[in-house]
Amino acid sequence: MLEFLGDFWKFLKARRKWWLVPVVLALLLFGALFLLSGGSAVSPFIYTLF
Amino acid sequence: MSRYILGISAFYHDSAAALLKDGKVVFAAQEERFNRVKNFPGFPARAVRAALDWAEKREGKGPGLAGVEAVAFYDKPLLKFERLIETYYAYAPRGFAQFLSAAPVWVGEKMLLKRTLRKELAKIDPSAAGIKLLFPEHHLSHAASAFYPSPFGEAAVLTVDGVGEWATASICAGRGKDLTILKELRFPHSLGLLYSAFTAYTGFKVNSGEYKLMGLAPYGDPASSRTAAFIRKIKDVLADLKDDGSVRLDQDYFDYTTGLKMTKDDRWEALFGLPPRRPGSALKQEYCDMALAAQEFTGEALCRIAAHAVALTGSRDLCLAGGVALNCVANGRILKAGICDRIWIQPAAGDAGGALGAALAAWHIYSGEPRVPEVPDGMGGALLGPDYTGEEAETFARSAGAVYEKLGYGELCARTAKLLASGAVVGWFQGRMEWGPRALGNRSILADARDPEMRKKLNLKIKHREGFRPFAPSVREEDAGEFFEDGFASPYMLLIDHVSRPRRIPGPAHGAAPDLEEKLSRPNSDIPAVTHLDHSSRVQTVSGRTNPRYHALLTAFKELTGCGLLVNTSFNVREEPIVCSPADAYACFMRTDLDHLVMGDLLFDKARQPRRTAAEDGGGDYADD
């Protein structure tokens, strides 16, 4: 993960796309939820919603 | 001590591995050939192992993964990720559902790709966990795969495909070891995606059915007002074609940016007056005309880009790669139009070839190593996959209880030529497996092209595929002019030529025959099995230097019949990858109507083989492809 964050930092500096930071953080969180739930991407939210 | 670089393409479609030794390609193969899953998109673990095994077999002691200097992956995952996010952002809230379903995949496959690659490589060799990883851009990988193995010291390099990171086409200048990107066409405007959209609309699978659309095009009527109207609508509405060959696609008609489909079917139906064709349904003339229109447009666009590339670089030698460079009709059109003097096309022009290009880019661009062009090229006839010794083939045959004769090579060629001349269909398995989608005479099914019934027999009884699809010929390089108009060298079956006029048999005008089968059943030349409706032919010229065994067989056939040309189709059946090992070849031989199999120096006669169950032969159901 540290390697990814380092690469991502270099990428952001080169491309100057700072707005990608919150998107990537959200996606990482989303991905982690997905991995923890072991199922579909939306399953962690189903019980919260219904 | 030798230096090795491993190239990998994966996680989209057609994953593959390629190994360089001191900058020269020594092994390259697609993963599908080993795991038997067509167009396999995952990590090419078996292909990597096969590459390392190959080096070990040849060198006595191979590098192992720990001895590989760097692993080069064929695109930049973060740049691709940026494109995905920006595209969804630009079209939001459209495509939100697809965004939700795709996001976790991106996290795993794009954002954390380095980690994934290290994990997969460590499964092969735990000591390779810290190996250097390099990520050349997708189109640079394609360009490298086209230029570096070419025989040209300097060239215009053109890459065209669906999409890489942002680029969908690029023009590069190649000189010595340097490759400079001069111009790019960027997503969502893409010639490859436009062709794929027509592929999907005419009922074929995207990323694998494009060559069927190309094969269908000659059934279209070039003189009909419908075809002309289709071309006009593509140009006026769908795609604004510029003088330099770039296109601007009207995104109101496409769904690939955020949806799960290529086209907005209701809009296409309103535009063309034709609903999308259901896969597997009858191929009506309207769809043939649509295929012809798509092909005409693509050919014109490619000619314009090629001309622009030649003008930009000042070089009249042209290199091509990218999935669209597998469109041999358009390639032939570029050459015949005299846009360039010479053309060289990477035999694995699609994404699989990116593995080789990435490795070559790492060697010449990252490491700055010099380049010496080779003649005829640096691909070794594209015979870069695994091979099997005669002993291995015989051990397998004995273990399978197969009945065979072992013959000296001269006698084997003479016997095989005789069998082919008598109408037999022969599986031909020799030496190293081909790199790229075409069988080039080492994993091929061969037959006599002069037989008017052969196309039907091969399509329906052996390959189990659509009857409309044409077959390609292999001809001795020195005999090409005897059969074809231009007779140019086409070693990788990536150029169309036309059967020479004296060999043609005039047929009825377009529209006179009611259906495709009927159109096909009328011989239109004295080599009807390999002559398409428009007298075009996807030629492979065979050189005695690069494939002496196959050349010797063609020579034996010529001595017997006066014709140094054979039908050459890939050794597989519908929806199955081309055979790789003796076991694959024997299984395919046994579950099809192939009459004979030649494996190395062994000749197998179907009539003498023991009966096998369908399960032993790998089943017998053939899904739509």
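Contact here means heavy atoms within 4.5 Å. On that basis, B:Glu82 touches A:Phe11, A:Arg15, A:Lys17, A:Leu20 and B:Trp166, leaving out residues up to four places away in sequence. The model is predicted.

- Chain A has three helices and zero strands.
- Its pattern along the sequence reads α-α-α.
- Of the 50 residues in chain A, 24% are buried.
- B:Glu82 sits in helix α3 of chain B, residues 77–91.
- B:Glu82 has 0% relative accessibility, so this residue counts as buried.
- Its contacts include A:Phe11, A:Arg15, A:Lys17 and A:Leu20 from chain A.
- B:Trp166 is also in contact with B:Glu82.

**Helix α7 of chain B**

- Helix α7(B) spans residues 191–201 and is mostly covered.
- Ten of its eleven residues are buried.
- Among the buried residues are B:Leu191, B:Gly192, B:Leu193, B:Leu194 and B:Tyr195.
- B:Ser196, B:Ala197, B:Phe198, B:Thr199 and B:Tyr201 are buried too.
- At the start of the helix, a side-chain oxygen of B:Ser190 comes to within 3.3 Å of the backbone nitrogen of B:Gly192.
- B:Gly203 follows α7(B), and its phi is positive, near 90°.

**α7(B) against α10(B)**

- α7(B) packs with helix α10(B), residues 265–272, at an angle of about 85°.
- The two axes lie 12 Å apart.
- Angles of 65 to 115 degrees count as roughly perpendicular, so α7(B) is roughly perpendicular to α10(B).
- α7(B) contributes B:Ala197, B:Phe198 and B:Tyr201 to the contact.
- α10(B) contributes B:Asp265, B:Trp268, B:Glu269 and B:Phe272.
- By class, this contact has five nonpolar, no polar and two charged residues.

**α9(B) against α11(B)**

- Helix α9(B), residues 225–238, packs with helix α11(B), residues 285–313.
- The angle is about 50°, and the axes are 9 Å apart.
- The two helices are therefore oblique to each other.
- α9(B) passes α11(B) in a right-handed crossing.
- From α9(B), the contact uses B:Arg226, B:Thr227, B:Phe230, B:Ile231, B:Ile234 and B:Lys235.
- From α11(B), the residues include B:Gln285, B:Glu286, B:Asp289, B:Met290 and B:Leu292.
- B:Ala293, B:Ala294, B:Glu296, B:Phe297 and B:Glu300 of α11(B) also take part.
- The contact of α9(B) with α11(B) divides into eight nonpolar, two polar and six charged residues.

**α15(B) against α19(B)**

- Helix α15(B), residues 409–421, packs with helix α19(B), residues 548–561.
- Their angle is about 55°, with axes 8 Å apart.
- α15(B) is therefore oblique to α19(B).
- The crossing of these two helices is right-handed.
- α15(B) supplies B:Tyr409, B:Cys413, B:Ala414, B:Thr416, B:Ala417, B:Lys418, B:Leu420 and B:Ala421.
- α19(B) supplies B:Arg549, B:Tyr550, B:Ala552, B:Leu553, B:Ala556, B:Phe557, B:Leu560 and B:Thr561.
- The contact of α15(B) with α19(B) has twelve nonpolar, two polar and two charged residues.

**Two arginines of chain B**

- B:Arg476 lies in strand β16(B), residues 473–476.
- Its relative accessibility is 11%, so B:Arg476 counts as buried.
- B:Arg476 is in contact with B:Val542, B:His551, B:Leu554, B:Thr555, B:Lys558 and B:Gly564, leaving aside neighbours within four places in sequence.
- B:Arg58 lies in helix α2(B), residues 45–59.
- At 56% relative accessibility, B:Arg58 counts as exposed.
- B:Arg58 and B:Val26 are 32 residues apart along the chain, and their C-alpha atoms are separated by 9.8 Å.

**B:Met379 in a loop**

- B:Met379 is in the loop between α13 (353–366) and α14 (390–399) of chain B.
- Its relative accessibility is 1%, so B:Met379 counts as buried.
- B:Met379 touches B:Val25, B:Pro149, B:Trp344, B:Gln346, B:Pro347, B:Leu356, B:Leu384, B:Trp435 and B:Tyr492, not counting residues up to four places away in sequence.
- B:Met379 and B:Ala17 are 362 residues apart in sequence and 15 Å apart in space, C-alpha to C-alpha.

Technical notes:
Residues are numbered from 1 along each chain as its sequence is written. Chains are lettered from A and ligands numbered from 1 in the order in which they are written. This is a predicted model: local features need pLDDT of at least 70, side-chain atom pairs count only at pLDDT 80 or more; totals for chains, interfaces and linings use all residues. Side-chain values use heavy atoms; hydrogens and water are left out. Axes are lines fitted to C-alpha atoms, for helices over the stretch in contact, and angles run from 0 to 180 degrees between N-to-C directions. Helices (H or I, at least four residues) and strands (E, at least two) are DSSP runs, numbered from the N terminus. Angles under 35 degrees count as roughly parallel, over 145 as roughly antiparallel, 65 to 115 as roughly perpendicular and the rest as oblique. A crossing is left-handed if the near helix is turned anticlockwise from the far one by less than a right angle, and right-handed if clockwise. Ala, Val, Leu, Ile, Met, Phe, Trp, Tyr, Cys and Pro count as nonpolar, Asp, Glu, Lys and Arg as charged, and the others, Gly among them, as polar. Buried means under 20% relative accessible area, exposed over 50%, partly exposed in between (1.4 Å probe, protein chains only). A polar contact is a pair of N or O atoms within 3.5 Å; within protein, one must be able to donate a hydrogen and the other to accept it, and residues adjacent in sequence count only if both atoms are side-chain atoms.
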